[in-house]
Amino acid sequence: MSISVNDFKNGLTIEVKDGIWRVVEFQHVKPGKGSAFVRSKLKNLRTGAVQEMTFRSTAKVEKANIENKKMQYLYAEGDNYVFMDTTTYEQLTIAGDQIQEQLKYLKENMEVNIMMYNGETIGVDIPNTVDLKVTETEASIKGDTQSGGSKPATMETGLVVQVPFFVNEGDMLTINTQDGTYISRAN
């Protein structure tokens, strides 16, 4: 199905130059001279690369029909990761290099969306926030809780996050998966 580039929305998936892309951001530009165009930032769903592309406002692109399957992460098997469809109990194995960025937030039994395009697995869509346990951090110093500084903390998945001084080992924290930042203590 062809759509006009004027109908771009953040999160829309399209096919351009033999690739499947998600619109990260876009801007309609109407210069004083010449015709209008759309400047966009697109993320390749196969490689994870982000690229800027410019389209004439009259251009049309193919919409990519991405199927999202809700699955549960089971376990790691070497460099591969095994997921299970929670309705059919069918298992799917995904190579670690294909989901490198998401591995920092992936915990066993976590529910995720597997993105599929024409039967090909193209990625894992994780929630915007995850709760992770602190496995290692410096001990807090009495009186340091109000200074507003931060210290590094290693989470159970190996992710290192800058956290406030009052955070201790064993604390559960809510982490933003979009940029890997500390949000709050988990309830």
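**Figure 1. Five strands make up an open sheet in the order β9-β8-β7-β10-β11, with antiparallel pairing.** Two strands count as paired if DSSP finds at least two bridges between them. Strands (E, at least two residues) and helices (H or I, at least four) are DSSP runs numbered from the N terminus. At the edges lie β9 (91-95) and β11, each of which pairs on one side only. Neighbouring strands of this sheet are turned by 45° against each other on average, direction ignored; axes are lines fitted to C-alpha atoms, for helices over the stretch in contact, and angles run from 0 to 180 degrees between N-to-C directions. The model is predicted: local features need pLDDT of at least 70, side-chain atom pairs count only at pLDDT 80 or more, and totals for chains, interfaces and linings use all residues. Residues are numbered from 1 along each chain as its sequence is written, and side-chain values use heavy atoms, with hydrogens and water left out.

**Figure 2. Strands β10 (residues 111-117) and β11 run antiparallel and are joined by five bridges.** Within this pairing, I114 has V124 of β11 as its bridge partner. V124 is also among the residues nearest the centre of the largest pocket, together with R22, K43, E101 and Q102.

**Figure 3. The largest pocket holds about 700 Å³ of space.** A pocket is an open set of points on a 1 Å grid over the protein atoms alone, where a 1.4 Å probe fits, with protein on both sides within 12 Å along at least five of seven lines; lining residues have an atom within 4 Å of a point. Grid points are joined across faces, edges and corners, and the volume is the space filled by probe spheres set on the points. The lining comprises 27 residues, divided into nine nonpolar, eleven polar and seven charged. Here Ala, Val, Leu, Ile, Met, Phe, Trp, Tyr, Cys and Pro count as nonpolar, Asp, Glu, Lys and Arg as charged, and the others, Gly among them, as polar. At least two lining residues come from each of β3 (19-29), β4 (37-44) and β11 (120-125); β11 gives the most, with four.

**Figure 4. F8, F26 and F55 form one aromatic cluster.** The structure holds four aromatic pairs, defined by ring centres (Phe, Tyr and the six-membered ring of Trp) within 6.5 Å; planes under 30 degrees apart count as stacked, over 60 as edge-to-face and the rest as tilted. The ring centres of F8 and F55 are 5.7 Å apart and the planes stand at 85°, so this pair is edge-to-face. It links distant parts of the chain: F8 lies in the loop between β1 (2-4) and β2 (13-16), and F55 in strand β5 (residues 50-56), 47 residues apart. Both F8 and F55 are buried, that is, under 20% relative accessible area, whereas exposed means over 50% and partly exposed in between (1.4 Å probe, protein chains only).

**Figure 5. Y73 and Y81 form a tilted aromatic pair, 6.2 Å centre to centre with 40° between the planes.** Y73 is buried at a relative accessible area of 6%, and Y81 counts as buried at 17%.

**Figure 6. An open, antiparallel sheet of five strands has the order β14-β13-β12-β15-β16.** Its edge strands are β14 (160-164) and β16 (181-185), each pairing on one side only. The twist averages 55° from one strand to the next. Three bridges join β12 (residues 129-137) to β13 (residues 150-155), and V134 has M155 of β13 as its bridge partner.
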